Amino acid sequence: MNRCRRMLVQAMRELAGRDVGCMLLDLPGCNESHAALEVQSLSTWRAVVADAGEQLGATHIVSLRGGTLIDAGTGLPLWRLAPVKGASLLKTMIRTRIAGDKEAGRSTSETELLAAAQSGPIELAGNRLGPAMVAELASTEPQDTAQLVVRALGQDISGSPLWLRAEPQDDAAMSAAVAADLDQWSASCGG
């Protein structure tokens, strides 16, 4: 939902200042993509991450929250911040939809939304998600890999959970902490 994009871009600028190159991948159906989000799934995104990593000669992958659901499978070292299960993300989006419907005078239940998602796209958190995406979110967890580092917000990385904010914000101290940790991590695994 792009609530962390500014923080990530600031971290990338910090890394550039340390001569560490990086890029922020836009997935099909997101941001400026012409692909429809409702036909995307975690599987299609996982394939895009693997293809992009190969085409660009990536040496490491960094992921945040739901990005940890699509980062495995490349064989590259992974750095994860605040990983989350797909079911948790889906439940949050469903609760948001139910609350919004209630404010609009409509009564909606989780059961109704999940049933509707089996036959066609549903709107959750301002996004039209198709049946494949909803089904995969309900059952997917971050996969463990051989070269994996997991960082917890507030313990390993100082900062506040920007993804819980109503509007996009930044946290310059968090960006600096992420960049410092990434620089040290990438150097320790040969990057």
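Q: To begin, is Cys-30 buried, partly exposed or exposed?
A: This is a predicted model, and in it Cys-30 counts as partly exposed, because its relative accessibility is 21%, just past the limit of 20% under which a residue is called buried.

Q: And how many disulfides are there?
A: The count comes to zero disulfides. Cys-30 is in none, since a pair of sulfur atoms must lie within 2.5 Å and the nearest cysteine sulfur, which belongs to Cys-4, is 14 Å away.

Q: Switching to H2, which of its residues are buried?
A: The buried residues of H2 are Leu-42, Trp-45, Arg-46, Val-49, Ala-52 and Gly-53. They lie on the same side of the helix, because the arc they cover around the axis is only 130°.

Q: Why would residues with that kind of spacing point the same way?
A: An α-helix has 3.6 residues a turn, so residues three or four places apart point the same way.

Q: Then what covers that side, and which exposed residues are on the face turned away from it?
A: The cover over the buried residues of H2 includes E1 and H5, while the face turned away from the buried side carries the exposed residues Glu-54 and Gln-55. Just after the helix, Gly-57 takes a positive phi of about 70°.

Q: Which residues touch the most other members of the largest nonpolar core?
A: Within that core of 22 residues, they are Leu-42, Trp-45, Ile-70, Leu-90, Leu-124, Leu-129 and Leu-137. At least two residues of this core come from each of H2, H3, H4, E3 and H5.

Q: What does Leu-90 touch, leaving aside its neighbours within four places in sequence?
A: Leu-90 is in contact with Leu-114, Leu-124, Val-134, Leu-137 and Ala-138. A second, separate core has 17 residues, including Met-7, Leu-15, Met-174 and Val-178.

Q: Last one, where is Thr-68, and is it buried or exposed?
A: Thr-68 is found in the loop between strands E1 and E2, and it is buried, because its relative accessible area is 1%. A polar atom of the Thr-68 side chain lies 2.7 Å from the backbone oxygen of Arg-65. Not counting residues up to four places away in sequence, Thr-68 touches Ser-63, Arg-80, Pro-83, Val-84, Pro-142 and Gln-143.

Conventions
Residues numbered from 1 in each chain as written. Predicted model: local features only at pLDDT ≥ 70, side-chain atom pairs only at ≥ 80, totals over all residues. Heavy atoms only, no water. Helix = DSSP H or I, 4+ residues; strand = E, 2+ residues; numbered from the N terminus. Buried < 20%, exposed > 50% of the residue type's maximum accessible area, 1.4 Å probe, protein only. Polar contact = N/O pair within 3.5 Å; in protein donor to acceptor, adjacent residues only side chain to side chain. Contact = heavy atoms within 4.5 Å. Core = buried A, V, L, I, M, F, W, Y, C linked by side-chain atoms within 4.5 Å. Arc of directions from axis to C-beta.
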